[in-house]
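Hi there,

Here is the structure I promised to pass on to you. My notes on what turned up in it follow below.

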Amino acid sequence: MAKDIIIGASFVPVSELLSQTVFAMFDTVNSAKEVLIHKESFKVFTTYLEKTSSILKELSKKNIEHSEGLVNALEIVNREVEVAKHLALDCRKKNKVYLLINCRKILKALESSTKDIGRALSLLSLPSLDVSLGINNQISNLCKNMLAAEYRAAVDEEEILEKIEQGIQEGNDDLSHTNDLLLRIAETLGISNEHSELKKEFEEFKRELDDTNLRKGSEEDLQMEQICHIIALLEKTNANTTAEDKVNGYSERRVSLGRQPLEPLRQFYCPLTQEIMVDPVETSSQQTFERSGIEKWFAEGKNLCPVTDIPLDTSVLRPNKALKRSIEEWRDRNTMIIIASIKPTLQSSEEQEVLQSLDKLQNLCLESDVHQEWVIMEDYIPVLIGLLGTKNREIRKNALAILSILAKDSEENKGRITAVDNALEAIVRSLARQSGESKVALQLLLELSRSSVARDLMGNVQGCILLLGTMLSSEDDQVTGYAIELLDNLSCIDQNVIQMAKANYFKPLLKFLSSGAEDVKMVMAGTLSEIELTDHNKLSIVKDGALGPLLELLSNGDLEKRKVGVQALLHLSSLPQNGLEMIRKGAVGPLFELLYSHSLSSPALREQVAETIMHLAISTTTQEAAKDQVLLLDSEEDIFKLFSLISLTGPDIQRSILKTFHAMCQSSSGLDIRIKLRQLSAVQVLVQLCEADNPTVRANAIKLFSCLTEDGDDSTFLEHISQRCIDSLLRIIKSSSDVEESCCNGNYC
């Protein structure tokens with residue numbers, strides 16, 4: 001492509017040559033935006049290209065004549081831009097593991113292209129170009145920055161490459177080292193650490209490797225070989241090996257070792273440190289030392305062999321692989337015996353002995369994944385869970401910590417722990433204990449909750465979710481974070497979400513109410529209508545977004561959805577702040593539509609609607625409503641329509657409507673409401689209701705009647721009040737147990 005752009009350059013205007021180069025840069029910038037790896041480095045590179053492109057655009061506007069220097073510079077720029085484009089395309093399409101192993105090579109090539117483009121820009125014969133001093137300065141500064149550009153692999157990438165190089169150097173076949181390396185690669189590249197996913201990714205890597213020709217013995221070739229060796233080890237440890245085979249193999253090996261640990265051989269000790277070696281290396285004097293010990297010896301300026309006094313070549317330190325393997329075999333043999341010997345001591349009646357044994361076991365588990373596997377083979381899990389029932393807090397805490405180590409990153413071990421009778425119950429009991437123990441129990445439950453088997457059972461453990469709810473208010477931010485994560489893991493089960501709401505944790509409920517399936521939304525709305533809620537809960541639920549989904553249910557054509565929507569709104573609307581918010585959000589229209597629906601086959605639903613409207617009316621009596629001028633009804637037509645319904649409904653709806661009007665009469669628009677009611681001959685209806693048999697209806701009718709008399713013309717009332725009505729009012733005053741009702745009557749009489 002670069003050659004195509006330059007072909008016939010002497011016949012193409014300079015402005016067009018510059019435009020073609022700008023277009024090539026634009027194409028490369030777009031390719032670099034979608035790389036899978038080295039995103040930051042490519043981002044820096046594209047910034048350079050964009051600045052270069054901007055300068056070339058400015059130059060294309062000038063009347064610049066052809067020159068050999070200009071054409072040569074553009075040729076170099078185009079060539080390197082094309083190289084960078086291919087690098088970007090490789091980093092978009094090639095396997096992630098392959099790209100990781102080649103990261104240094106890729107970044108070196110990108111750095112080389114950056115510097116070459118910078119050098120090419122400096123070749124422009126600027127004095128001969130009719131350009132401003134400002135453009136000259138831009139080009140000069142850009143060249144300087146590009147020539148100084150350096151790209152480095154990320155810290156995680158470098159650490160992985162170093163581990164691979166260390167494995168090559170030491171011939172490390174340790175399974176723990178292999179698993180650790182694979183997990184680091186998966187984490188760095190954003191790959192799932194599940195065995196099947198890792199296998200899939202590495203198989204793709206191997207296929208890509210087969211299509212690549214690497215120079216035998218090169219750094220990349222050795223690294224690729226090490227990765228392939230690691231994959232082979234992983235497949236070997238997992239292929240055709242059942243859990244039963246592993247247990248049988250371990251048992252046979254352990255029995256063959258005997259019961260007593262072996263003393264270390266003399267050659268296992270470093271002559272310098274006098275400690276058993278971990279990384280033995282051989283010097284030019286054929287003597288072996290611990291790597292850190294002999295390196296410190298050299299750092300102190302000592303060049304003679306500590307054993308033979310022979311001058312040493314300080315650059316020669318060869319890993320003593322045979323000795324290292326012997327030490328590891330000896331250490332593994334003794335560790336296996338120690339792990340087996342600890343188990344009986346955990347049954348001791350001496351608490352101090354048990355604590356010492358647990359401490360030793362925990363340290364062994366932290367040392368190596370292989371040690372954890374041996375602990376599993378010795379069937380420690382039931383013993384550790386049994387210790388959760390002891391009275392000693394430290395014993396329980398240490399047992400929980402070891403179980404957490406075993407559960408981490410192991411689906412099988414999570415299943416083993418969950419399968420022990422009453423294991424989850426024992427762990428949950430520790431949640432309610434002293435904070436240190438509680439936190440360790442929480443960490444264990446969080447780890448277990450990543451397994452579907454444990455998740456399905458955990459919510460059923462009595463008190464589990466309630467205790468987690470209380471931990472949300474912990475002063476320890478880490479505990480709060482663990483509790484939130486655990487509750488979120490458990491929220492995949494509807495019944496757990498309901499329990500969380502009962503424990504005052506509403507986040508999952510509100511999430512599913514808003515975005516869950518239709519049947520799940522119904523369950524969540526039903527929960528809001530049924531559980532006990534404090535005023536604080538009601539307020540926070542509405543503030544956190546419950547109204548939108550509930551109003552959608554209210555307006556739905558499905559009657560059952562409308563029912564649960566009304567019931568939830570009724571429950572939440574008893575708080576005046578929520579009532580006002582419902583009016584603002586448009587709840588009034590759908591509620592009145594339901595109330596006036598003659599085809600509605602559910603009397604109970606209409607009663608709940610009327611009661612909800614009553615709550616909204618009460619909310620308009622607050623100072624906040626007066627300040628914001630929030631009204632329930634304002635037109636005479638709406639007032640008449642609602643009041644007319646009193647004569648057409650039963651006592652429960654009548655009571656709610658009477659209370660609704662009484663509340664509106666107490667609101668900031670109360671005077672206007674009272675005037676309109678008097679104009680609508682409400683007094684005549686209320687006089688009749690004052691003689692009603694239902695005491696609740698009668699009491700609320702009298703309250704509203706009394707309210708209307710506050711600023712009305714007495715003659716308006718007297719023309720509707722008969723001697724019979726007066727006798728009824730006097731009788732109510734003498735006999736009613738409702739003090740408020742009697743006071744209202746006395747107010748008028």
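In helix α35, the residues E636, I639 and F643 meet I673, K676, L677 and Q679 of helix α37; contact here means heavy atoms within 4.5 Å. Sorted by class, this contact has four nonpolar, one polar and two charged residues. In that sorting, Ala, Val, Leu, Ile, Met, Phe, Trp, Tyr, Cys and Pro count as nonpolar, Asp, Glu, Lys and Arg as charged, and the others, Gly among them, as polar.

Before going on, please note that this is a predicted model, in which local features need pLDDT of at least 70, side-chain atom pairs count only at pLDDT 80 or more, and totals for chains, interfaces and linings use all residues. Residues are numbered from 1 along each chain as its sequence is written, and side-chain values use heavy atoms, with hydrogens and water left out.

Back to the two helices. α35 spans residues 636-644 and α37 residues 670-679; their axes come within 10 Å and cross at roughly 60 degrees. Axes are lines fitted to C-alpha atoms, for helices over the stretch in contact, with angles from 0 to 180 degrees between N-to-C directions. Helices (H or I, at least four residues) and strands (E, at least two) are DSSP runs, numbered from the N terminus. The pair α35 and α37 is therefore oblique; angles under 35 degrees count as roughly parallel, over 145 as roughly antiparallel, 65 to 115 as roughly perpendicular and the rest as oblique.

F643 also has an aromatic partner. The ring centres of F643 and F661 lie 5.3 Å apart with planes at 70 degrees, so this pair is edge-to-face. Rings of Phe, Tyr and Trp (its six-membered ring) pair if their centres lie within 6.5 Å; planes under 30 degrees apart count as stacked, over 60 as edge-to-face and the rest as tilted. F661 belongs to helix α36 (residues 651-666), 18 residues from F643. The structure holds three aromatic pairs.

Another helix pair is α18 (residues 393-407) and α19 (residues 411-419), whose axes come within 8 Å and cross at roughly 140 degrees. These two are therefore oblique as well. L403, L406 and A407 in α18 meet N413, K414 and I417 in α19.

There is also an open sheet of three strands, ordered β2-β1-β3 with antiparallel pairing; two strands pair if DSSP finds at least two bridges between them. Its edge strands are β2 (288-290) and β3 (318-319). β1 (residues 280-282) pairs with β2 over three bridges, and P280 stands opposite E290 in β2. Helix α13 (residues 291-299) packs on this sheet and touches β1, β2 and β3.

Finally, V316 sits in the loop between α13 and β3. Beyond residues up to four places away in sequence, V316 touches E282, T283 and S284.

Happy exploring!
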